[in-house]
Amino acid sequence: MRLSRYFLPVLRENPAEAQIVSHRLMLRAGMIKQAASGIYSWLPLGFKVLRKLENIVHEEQMRAGHIPMLMPTLQSADLWRESGRYDDYGEEMLRITDRHGRDMLYGPTNEELITDIFRAHVGSYKDLPLTLYHIQWKFRDEVRPRFGVMRGREFFMKDGYNFDLTKKDALHAYNRHLVSYLRTYERMGLQAIPMRADSGPIGGDDTHEFLVLADTGESEVFYDSKVTDLSFGDREIDYDDVAQCQGVLDEFTSLYARTDETHDEALFNAIPEERRRTARGIEVGQIFYFGTKYSDAMGANVQGPDGKPVPVHMGSHGIGVSRLVGAIIEASHDDKGIIWPEGVTPFHAGIINVKQGDSEADAACEAIYKSLQALGLDPLYDDRDERAGGKFASMDLIGLPWRITVGPRGLKNGVVELTSRRTGESEDLPPKQAVEKLAQIYAGHLVKGI
Ligand code: ATP
Ligand code: MG
C-alpha cells in the first residue's frame, strides 16, 4: 500500500476520552472510530489487524479439527425461553421486537442456536464427536462500556461448541480447546495464562479463563510466578491423542493460577512466598464444560449404541477477538506508539523515503516495495511529500515491526537502513539484502491478511 493513497487518519493529540494506552493508541493510529457508546467502526488499519487475528483463530481451530460455520447476530427469543435464559440473562441482553411483534435479541452468545441446529440434524452417536464454531459479532449491553474495544457493547468473538457422547469425550474436547488456545495466543505474540475461573450465566463446573497480565486488566489474578515460565512453543501436537492433550492441560494448569472469583487463600499461601504474585489481567478467552445443561433443557439427544436416547455432553469456548487487538497493544507498546508482534502486524514493514521527489530515492523505494510484494509481503510505503520527522513519528505510532529507510546519502554507498521497531537497532544493508532479511524474518509468520 502507498500511504498517499491509503486512509490512515492519525491524530497528533491524545484524545481526552481514552483512559488506557491501548484505547488512546488505537484512536491515534486511526484504527477505530466510536460510532456509539461501546460500538466502533474499524478503520482500514484496525480492520487489517482484526482480520489477521480472525485468520489465526480459524487456522488454529481447523488444525484442532473444529469446523467453521456462521450463525446470525439476531436470534429469536423462543429458543432462549426454552433454555430458561431469556429471563436469566438480564439487562445485558439487547431485546428487539420486529414489525410483527415477535421478540428477538442480538445474540450475546450462541448456545441455544447451536443446540437447535444440532438437534435438528444430528441423530446418532456415530456422528459424534463434533465441534462447530463461528466468529461473529456479539452484543452485550454492558453497564459501563469502556477502554475502547476492550469492553465494548458490540464485539467480535469466536465461540465454539463441542458435542460428545460421554463426559470423558467432552473433557477431551475441553483439553483440545485449551491446547489450541495456547497456540493461538502465542502466535499473536501474547502470553495468556489459563486460570481456574467461575462459570457465570453459561453454567457448569469446569472452566478456565485465559488472562494476559497487564496493569489495566479488569480481573484480579493470583498465581505462582513459575506459571509465566511455561510456553507452548512449536511442539507438534496430535489433537486426537487424548493423553497428549491431557498432558498439556496438566502442565499448564497444575501450578496455582486463579482469578479472584475462585481464589483460595490457603492454597495460595502454600506457594513459596517469593513466587506468590497478585496482579491484574485481561480476559481474552474462556473454555467451559457444562455437561448436559442445554441438551437436557432443549432435548438434544442422540441415539446411543444401545438404541436408547442419550443427552449429549457439551462445552463452549470463546476467544475475544476484538478485545485481543487492545490486549496486544497493552502488552506491546512504548511511549512512541504501538509495537506489533510479527504474527499480527497490519503491514509487514514500512518504507520511508526521506527525500520524496529525488529520482534515485524514489526508484529505490519503488524497487523495494515491489520486491517485498513479490515475496508475498505487505509493505506500507510512505511516499507522501512530507518532512522525514513526521514520517518517522507516524510510522512509530502505527507500530510496524520493521522499517526500511531510504535516502540519497545511504544510496550513494549502496545501502538502506533496516530498523527494528522493538529494539530501535538499525543495520545498513544493500536493498536486496534488506528485502531478503525481511523475507526470512516473516518466513514462519505469514498469516493471510486483507
Ligand atoms: P467479562 O468477564 O470480561 O465480561 P465474559 O466472561 O462475560 O467477559 P465470555 O462469555 O467468557 O465473556 O466471552 C468470551 C470472551 O469474549 C471473553 O473472554 C472476552 O475476551 C470477550 N468479551 C466478553 N465481553 C466482552 C466485551 N464486552 N467487549 C469485548 N470483548 C468481550
Ligand atoms: Mg468469560
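Mentor: Let us begin with a definition: a polar contact is a pair of N or O atoms within 3.5 Å, and within protein one must be able to donate a hydrogen and the other to accept it, while residues adjacent in sequence count only if both atoms are side-chain atoms. In this structure, a polar side-chain atom of arginine 140 lies 3.0 Å from an oxygen atom of ligand 1. The model is a predicted one, in which local features need pLDDT of at least 70, side-chain atom pairs count only at pLDDT 80 or more, and totals for chains, interfaces and linings use all residues. Residues are numbered from 1 along each chain as its sequence is written, chains are lettered from A and ligands numbered from 1 in the order in which they are written, and side-chain values use heavy atoms, with hydrogens and water left out.

Trainee: Which residues come nearest to ligand 1, and what is the distance from its oxygen atom to the side chain of arginine 151?

Mentor: A residue is near a molecule if one of its heavy atoms lies within 4 Å of it. There are 14 such residues around ligand 1, and those that come nearest are Glu142, Arg151, Gly152, Glu283 and Arg323. For arginine 151, an N or O atom of the side chain is 2.7 Å from an oxygen atom of ligand 1, and for glutamine 286 a polar side-chain atom lies 3.1 Å from an oxygen atom of that ligand.

Trainee: Which residues are the protein donors of the magnesium ion?

Mentor: Donors are N, O and S atoms within 2.8 Å of the metal (3.2 Å for Na, K and Ca), and since water is not among the atoms, sites may look incomplete. Here the magnesium ion, ligand 2, has Glu283 (OE) and Gln286 (OE1) as its protein donors, at 1.9 to 2.2 Å.

Trainee: Is glutamine 286 buried or exposed?

Mentor: Buried means under 20% relative accessible area, exposed over 50%, and partly exposed in between, with a 1.4 Å probe and protein chains only. Glutamine 286 is buried because its relative accessible area is 10%, whereas glutamate 283, at 25%, is partly exposed.

Trainee: How much space lies in the largest pocket, and which residues are the closest to its centre?

Mentor: On a 1 Å grid over the protein atoms alone, a pocket is an open set of points with protein on both sides within 12 Å along at least five of seven lines, a cavity is a set where a 1.4 Å probe fits but cannot get out, and lining residues have an atom within 4 Å of a point. Grid points are joined across faces, edges and corners, and a volume is the space filled by probe spheres set on the points. The largest pocket holds about 960 Å³, and of its 42 lining residues the closest to the centre are Arg140, Glu209, Glu283, Gln286 and Arg323. Helices (H or I, at least four residues) and strands (E, at least two) are DSSP runs numbered from the N terminus, and β13 gives the most to this lining, with seven residues.

Trainee: How is the lining of the largest pocket divided by class?

Mentor: Ala, Val, Leu, Ile, Met, Phe, Trp, Tyr, Cys and Pro count as nonpolar, Asp, Glu, Lys and Arg as charged, and the others, Gly among them, as polar. The pocket lining has 13 nonpolar, 15 polar and 14 charged residues.

Trainee: How many cavities of 30 Å³ or more are there?

Mentor: The count comes to one, with about 50 Å³ of space in the largest cavity. Its lining is made of Tyr40, Trp42, Trp137, Val149, Glu154, Phe155 and Ser322, which divide into five nonpolar, one polar and one charged.

Trainee: Where do the backbone angles deserve a look?

Mentor: A cis peptide bond, with omega about 0 degrees, joins leucine 128 and proline 129, and proline 129 sits in the loop between α5 (111-121) and β7 (130-139). Phenylalanine 147, a residue other than glycine, has a positive phi near 60 degrees; it is found in the loop between β7 and β8, and phenylalanine 147 is buried at 12% relative accessible area.

Trainee: What joins the side chains of aspartate 224 and arginine 275?

Mentor: A polar contact of 2.8 Å joins them. Aspartate 224 lies in strand β11 (residues 219-224), and aspartate 224 counts as buried because its relative accessible area is 3%.
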